[in-house]
Amino acid sequence: MKSIYTKLVVVFISVIILSLVLTFFIASKYFLKNIIAEVQGDLNEVGENFISIYQNEGKDEIQTTLNILSKNYSITIYDHSNKVIVKNNAPKNIKVKEESIRSVLNGQYFPKIISDPSDKHPYVVGIPFERNSENYALFIQPNFERGFFKMHRILFFSLLTTLIIGSITFLFVAKLLAKPIKALTVATNEVAKGNYDVRVAVNRKDEIGFLASHFNVMTEKLGKLEEMRSEFVSNVSHEIQSPLTSIKGFAKVLKNKELVDEKREYYISIIEEETERLSILSERLLKLASLDSDQHPFEPTTYHLDEQIRKVIVALEPHWERKKLQLILNLPQTKIVADRLLLEQVWINLLQNAFKYSNIGGIISVDIIDQPHECSVIIKDNGIGISKENIERIFERFFQADQSRHKHGTGLGLSIVQKIIEMHEAKIMVNSTIGEGTSFTVILPKS
């Protein structure tokens with residue numbers, strides 16, 4: 001598998017090479033199209049001027065002119081027998097064929113079409129002329145060693161230098177870009193192995209830094225989730241093992257045929273309680289699993305919240321009658337849009353907690369505060385209360401603030417309440433004082 005660094009380098013160099021080739025091709029085409037006509041025009045002009053000098057001046061003037069022109073032009077004159085009679089010392093890059101010479105001696109210009117890029121020798125001009133009634137042919141071509149005609153090579157080497165410098169620079173930049181990505185790759189491999197303590201040290205303000213920052217947050221949350229999972233499994237195992245041990249022990253005792261009826265009934269009642277506890281535990285675990293999966297049905301409807309709370313209180317009458325609790329209700333008529341069954345579970349769990357941790361003859365108050373866009377439900381008791389350090393943990397699964405009553409609960413009721421409240425985009429607040437009581441406030445949006 002190719003690394004992102006290799007891919008970046010290959011793609012960059014490929015793009016640069018393609019761009020340079022296209023640039024060179026386009027520049028060359030532009031150069032040919034615009035320069036050939038200009039060069040041939042200059043060659044014709046210089047050639048005509050030299051012919052005029054050759055026809056009218058003496059040998060000394062002709063030689064002086066040749067020497068001057070040899071710096072920039074190669075000049076050759078042929079007589080009617082194709083013999084060279086005049087030439088300067090400038091180097092010739094293009095050899096003129098004999099048929100071209102004869103064509104010019106016969107009065108034709110070379111090339112036939114001026115500024116034709118398809119011609120094999122676009123930088124050679126042949127001009128026919130007469131002197132003393134004799135036909136001559138002058139061929140002139142530029143000195144290709146001059147800087148003007150090195151443009152192709154200059155352009156090529158300039159582009160090649162750009163490619164080399166750009167590639168080296170990009171290799172360095174690509175390495176800097178790939179370095180944090182490699183670090184993220186190593187870190188993700190560690191996470192895949194179950195190591196959630198790994199962190200990526202990337203101090204950048206760009207997208208890669210943003211990704212690394214979120215990766216660190218993710219691993220931190222995964223670590224906490226793994227810790228919670230381990231604790232959850234441990235708690236579930238303990239919660240299931242405890243009643244099973246009781247049931248198993250008392251079942252063995254019941255095998256004793258000499259056991260008196262009174263104790264037999266007592267042990268059977270304990271087994272029934274532990275069985276009921278297991279049933280409630282499994283029911284709540286399934287409930288939480290369903291709520292956590294985000295697949296639990298959520299069916300909001302419009303209904304009267306006050307009527308729902310009254311029905312729940314009536315259904316729980318045995319719980320508060322047993323302790324002779326006094327209930328104070330302030331439930332004005334209130335309509336909301338919510339999932340009726342899910343919220344019913346919230347009121348059942350909160351009221352059961354209030355009844356459970358209230359003293360005999362205690363007072364329970366339930367109030368609805370109706371406002372235009374939201375409503376609040378306050379369930380308050382004057383029971384044993386919760387310490388400040390425990391308030392922060394009461395929504396944790398299997399946590400129970402009152403350890404002395406551990407066997408009477410599962411520690412999942414408030415976790416279910418919190419999950420349902422989150423599903424409704426609502427809020428729940430707790431206020432408690434040891435020895436004075438506890439109040440739960442649920443704030444629900446009306447729609």
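Visitor: Leaving aside its neighbours within four places in sequence, which residues is Ser365 in contact with?

Guide: Please keep in mind throughout that this is a predicted model. Once the neighbours within four places in sequence are set aside, the contacts of Ser365 are Ile328, Ile378, Ile379 and Lys380. Ser365 itself has its place in strand S8.

Visitor: Does Ser365 count as buried or exposed?

Guide: The reading rests on a cut-off, buried meaning under 20% relative accessible area. Ser365 has a relative accessibility of 15%, and therefore it counts as buried. For contrast, take Glu220, which is found in helix H5, residues 207–254; its relative accessibility is 38%, so Glu220 counts as partly exposed.

Visitor: In what order do the 5 strands of the open sheet with mixed pairing stand?

Guide: The general idea is that strands of a sheet pair through backbone hydrogen bonds, either parallel or antiparallel. Here the order is S6-S8-S9-S11-S10, and the pairing is mixed. Strand S6 (326–330) and strand S10 (427–433) are the edge strands, each pairing on one side only. With direction ignored, neighbouring strands of this sheet are turned by 10° against each other on average. Helix H9, residues 340–356, packs on the sheet and touches S6, S8, S9 and S11, with its direction at about 25° to that of S9. Within the sheet, strand S9 (residues 374–381) and strand S11 (residues 437–445) are joined in the antiparallel sense by 8 bridges, and Val377 stands opposite Val442 in S11.

Visitor: What is the order of the open sheet of 4 strands, and how are they paired?

Guide: That sheet reads S2-S1-S4-S3, with antiparallel pairing. Strand S2 (84–87) and S3 stand at its edges with a single partner strand each, so one side of each is left without a neighbour in the sheet. From one strand to the next, the twist averages 25°. Strand S1 (residues 73–78) runs antiparallel to S4 and is joined to S4 by 6 bridges, with Ile75 standing opposite Ile140 in S4. Strands S3 and S4, the latter spanning residues 134–142, pair in the antiparallel sense over 7 bridges, and here Phe129 stands opposite Tyr136 in S4. The hairpin of S3 and S4 has 2 residues between the strands, and in this hairpin Asn132 takes a positive phi near 55°. Although S3 stands at an edge of the sheet, 5 of the 7 residues of this strand (125–131) are buried. Helix H3, residues 98–105, lies across S1, S3 and S4, running at about 125° to S4.

Visitor: Which residues touch the most other members of the largest nonpolar core?

Guide: In soluble globular proteins, nonpolar side chains tend to be buried together. The largest nonpolar core in this model has 39 residues, and those touching the most other members are Leu305, Ile309, Trp347, Leu350 and Leu444. Two or more residues come from each of helix H7 (305–315), strand S7 (335–339), H9, S8, S9, helix H11 (413–423) and S11, and H9 gives the largest share, 8 residues. Not counting residues up to four places away in sequence, Leu444 touches Leu305, Ile336, Leu343, Trp347, Glu374, Cys375 and Ala426. There is also a second, separate core of 33 residues, which includes Ile36, Val39, Tyr54 and Val124.

Visitor: How many of the residues of H11 are buried?

Guide: Helix H11 is mostly covered, with 8 of its 11 residues buried; among them are Leu414, Ile416, Val417 and Lys419. After H11 comes Glu425, whose phi is positive, near 55°.

Visitor: How many helices and strands does the protein chain have, taken as a whole?

Guide: The protein chain has 11 helices and 11 strands, and 38% of its 447 residues count as buried. Among contacts in the protein chain with a separation of 6 or more, 68% involve residues 24 or more positions apart. The accessible surface of the protein chain comes to about 27500 Å², of which 56% belongs to carbon and sulfur atoms.

How values were computed. Residues are numbered from 1 along each chain as its sequence is written. This is a predicted model: local features need pLDDT of at least 70, side-chain atom pairs count only at pLDDT 80 or more; totals for chains, interfaces and linings use all residues. Side-chain values use heavy atoms; hydrogens and water are left out. Buried means under 20% relative accessible area, exposed over 50%, partly exposed in between (1.4 Å probe, protein chains only). Two strands pair if DSSP finds at least two bridges between them. Axes are lines fitted to C-alpha atoms, for helices over the stretch in contact, and angles run from 0 to 180 degrees between N-to-C directions. Contact means heavy atoms within 4.5 Å. Accessible areas come from the Shrake-Rupley method with a 1.4 Å probe; for residues, only the protein chains shown count as cover. A nonpolar core is a set of buried Ala, Val, Leu, Ile, Met, Phe, Trp, Tyr and Cys residues joined through side-chain atoms within 4.5 Å.
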